[in-house]
Amino acid sequence: MSTSTPSSRARGLSTLAAAGVLWGTGGLLGTLLGRVAELSPLAVATYRLGVGGLLIVAFLLVTRRPLPRGRAVWTRIACVGGLAAVFQSSYFASVSLTSVSTATLITIGSSPVLVLLAERALGRRRIDRTAVLTLGLALTGLALLVGIPSGEVSGGALLAGAGFAVLAAAGFATMTLLGARPVAGLDDLTSTGFAFTLGGLVMVPFADLGFTASLSGAGLLAALALLPTAAAYTLYFRGLRGIGASTAAVMALLEPLTGAVLAAVVLGERLGVVGLVGAALLSAAVIVSARRG
């Protein structure tokens, strides 16, 4: 049973909300970096993980923080790093087979469902009517915001892409469940830094990392590695300590909501009436989940 206090839950919710908003900048920054540096989406994700992790490790070394020690600590780091690599690589494999909207809808939509089912199976939470309705509201809003997949993709590619998207969701869901159970001697910053450095190294053999060097490209890479990666994931793992994993997974839906707003403001993309309705439903689901959390 959770022993968190109202104040710790409030801090956890605000931390998770900040993580979701920072994640929402990732799509815009990653898109701009891909254009400027002429990188594939998988290469962008590899740079994002690796450089984001290295920035944290460098900070830990400069500030003379203690390095990770012990089998349990390094086991957790290896697990989070491997799951981060699975999540990123599977997501972009789904994108290559289907589309960004399809991969996003299935990956982000499946994550809170998988977390909720896992918590129920582990006896950590019961599934009540409000939880189901909140999740249904969130998924409906997400579908309207991102867009329902079209029939332009062949059946085989759609099936394979959906499989990779569910695998990506499973990676993120497992990472969320692990993060809710901290390991003694391992803080959130150290875990994120070393795990993401490891995850980036795992992805290197699968990505073409040829980088068209420029000042703007370097700036975008630094922003992508720092804001939606190093800072956002550290905040997410920290917020998990005071909030249940299923609530955190729903709060993560702030990512596509923020991304849609940024795309409309910066890139001039119009949401339309359906998109605005989806954004409203998604916002309502996040608010309800936060109040319950």
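Q: By class, how many nonpolar, polar and charged residues are in the lining of the largest cavity?
A: This is a predicted model, where local features need pLDDT of at least 70, side-chain atom pairs count only at pLDDT 80 or more, and totals for chains, interfaces and linings use all residues. Residues are numbered from 1 along each chain as its sequence is written, and side-chain values use heavy atoms, without hydrogens and water. Ala, Val, Leu, Ile, Met, Phe, Trp, Tyr, Cys and Pro count as nonpolar, Asp, Glu, Lys and Arg as charged, and the others, Gly among them, as polar. The lining has 5 nonpolar, 2 polar and 4 charged residues.

Q: What volume does the largest cavity have?
A: A cavity is a set of points, on a 1 Å grid over the protein atoms alone, where a 1.4 Å probe fits but cannot get out; lining residues have an atom within 4 Å of a point. Points are joined across faces, edges and corners, and a volume is the space filled by probe spheres set on them. The largest cavity has a volume of about 110 Å³.

Q: Which residue meets D188 in a salt bridge?
A: A salt bridge needs a side-chain nitrogen of Lys or Arg within 4 Å of a carboxyl oxygen of Asp or Glu. The N to O distance here is 3.6 Å, and the partner of D188 is R238.

Q: Is D188 buried or exposed?
A: Buried means under 20% relative accessible area, exposed over 50%, partly exposed in between (1.4 Å probe, protein chains only). D188 has 10% relative accessibility, so D188 is buried.

Key
On a 1 Å grid over the protein atoms alone, a cavity is a set of points where a 1.4 Å probe fits but cannot get out, and a pocket is an open set with protein on both sides within 12 Å along at least five of seven lines; lining residues have an atom within 4 Å of a point.
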